[in-house]
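Welcome to this structure! Here are a few friendly notes on its aromatic rings and their surroundings, to read with the view open beside you.

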Amino acid sequence: MMVRSALLNVMMGAARKAARSLVRDYGEVEHLQVSMKGPADFVSSADIRCEKTLRAELKKARPGFGFLLEEGGEIAGDDKSHRWIIDPIDGTTNFLHGIPNFCISIGLERDGEMVAGVVYQPLGDEMFHAEKGAGAFLNERRLRVSARRKMEECVFTTGIPFHGRPGHQTFLKELTAVMGQVAGIRRFGSAALDLAYVAAGRCDGYWEAGIKPWDIAAGIVLVKEAGGYVSDYDGGAAMLETGELVAANDHLHQPLLKLLRSARG
Ligand code: IPD
């Protein structure tokens with residue numbers, strides 16, 4: 001029987017509450033695609049609305065904890081040990097275009113270490129959650145990373161840098177190095193869900209550079225608690241600081257890292 005901590009219950013409750021308006025807003029966005037103005041302004045208000053609900057719910061339950069918010073930035077709390085790291089809509093470009101792959105991501109950091117994570121995909125009602133030492137779950141089901149060992153059988157996910165982001169040429173080198181070795185590479189457009197998919201064994205690994213802490217905070221806990229490995233490009237644990245992340249099972253993590261490093265030269 002799965003016993004969930006009070007903290008996880010708080011995080012999941014906040015995600016479910018915020019998701020209600022998000023799903024309504026997504027319905028609107030689908031209609032706005034064909035309008036001249038497009039849904040961009042509407043989506044940024046949906047983002048802010050969702051973040052406000054998450055912040056209020058989490059603050060009510062743990063008044064002292066600090067926040068790192070995609071929209072609101074850093075908000076220090078009285079409790080210097082704990083910080084919520086939140087992306088109200090991860091997969092914003094998808095949301096904006098009416099593509100149903102987006103989620104709410106809530107991570108909890110304790111003394112510099114990620115200790116709990118919730119990634120909620122409201123349209124599919126998929127609640128991925130994990131807490132340090134207690135395992136990773138999708139709704140009620142325990143998760144394990146994939147057991148694949150052969151690169152040529154594996155599917156990896158990644159993020160492609162876009163307009164205004166650096167690293168386009170480096171990414172192309174990485175892609176060239178990896179695509180010749182594997183069964184497939186996917187770009188789904190939500191790093192938090194990419195990591196949840198690695199935790200669930202749906203994908204065998206994920207890499208991205210130039211990623212923000214709120215995109216990966218929760219997913220890091222999911223992958224680790226599902227038995228996977230997560231690191232920066234040097235193999236260290238400075239993912240939130242460097243904005244680099246490589247995640248996979250224990251057979252694939254080193255080979256993937258090696259490929260990415262050789263691509264970068
Ligand atoms: C983005 C998504 C995307 C990743 C980008 C992120 P956002 O986050 O996670 O998959 O490739 O690097 O910025 O903007 O949708 O919160």
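Which residues form one aromatic cluster? Tyr26, Phe95 and Phe102 do. Please keep in mind that this is a predicted model.

1. Let us start with the aromatic pairs, of which there are seven. In one of them, tyrosine 26 and phenylalanine 95 have ring centres 5.4 Å apart and planes at 55 degrees.

2. Tyrosine 26 belongs to helix α1 (residues 6-32) and phenylalanine 95 to helix α3 (residues 92-96). The pair links distant parts of the chain, 69 residues apart. Both tyrosine 26 and phenylalanine 95 are buried.

3. Another tilted pair is made by phenylalanine 65 and tryptophan 84. Here the distance is 5.4 Å centre to centre, with 40 degrees between the planes. Because phenylalanine 65 lies in strand β1 (residues 65-69) and tryptophan 84 in strand β3 (residues 79-90), the pair ties together parts that are 19 residues apart in sequence. Phenylalanine 65 is buried, and tryptophan 84 is buried too.

4. Finally, do look at the arginines. Which ring does arginine 55 lie over? Arginine 55 lies over the face of phenylalanine 67, at 5.8 Å from the ring centre. Over the face of tyrosine 197 you will find arginine 202, at 4.8 Å from the ring centre.

Definitions and conventions. Residues are numbered from 1 along each chain as its sequence is written. This is a predicted model: local features need pLDDT of at least 70, side-chain atom pairs count only at pLDDT 80 or more; totals for chains, interfaces and linings use all residues. Side-chain values use heavy atoms; hydrogens and water are left out. Rings of Phe, Tyr and Trp (its six-membered ring) pair if their centres lie within 6.5 Å; planes under 30 degrees apart count as stacked, over 60 as edge-to-face and the rest as tilted. Helices (H or I, at least four residues) and strands (E, at least two) are DSSP runs, numbered from the N terminus. Buried means under 20% relative accessible area, exposed over 50%, partly exposed in between (1.4 Å probe, protein chains only). A charge sits over a ring if NZ of Lys or CZ of Arg is within 6 Å of the ring centre and within 35 degrees of the ring normal.
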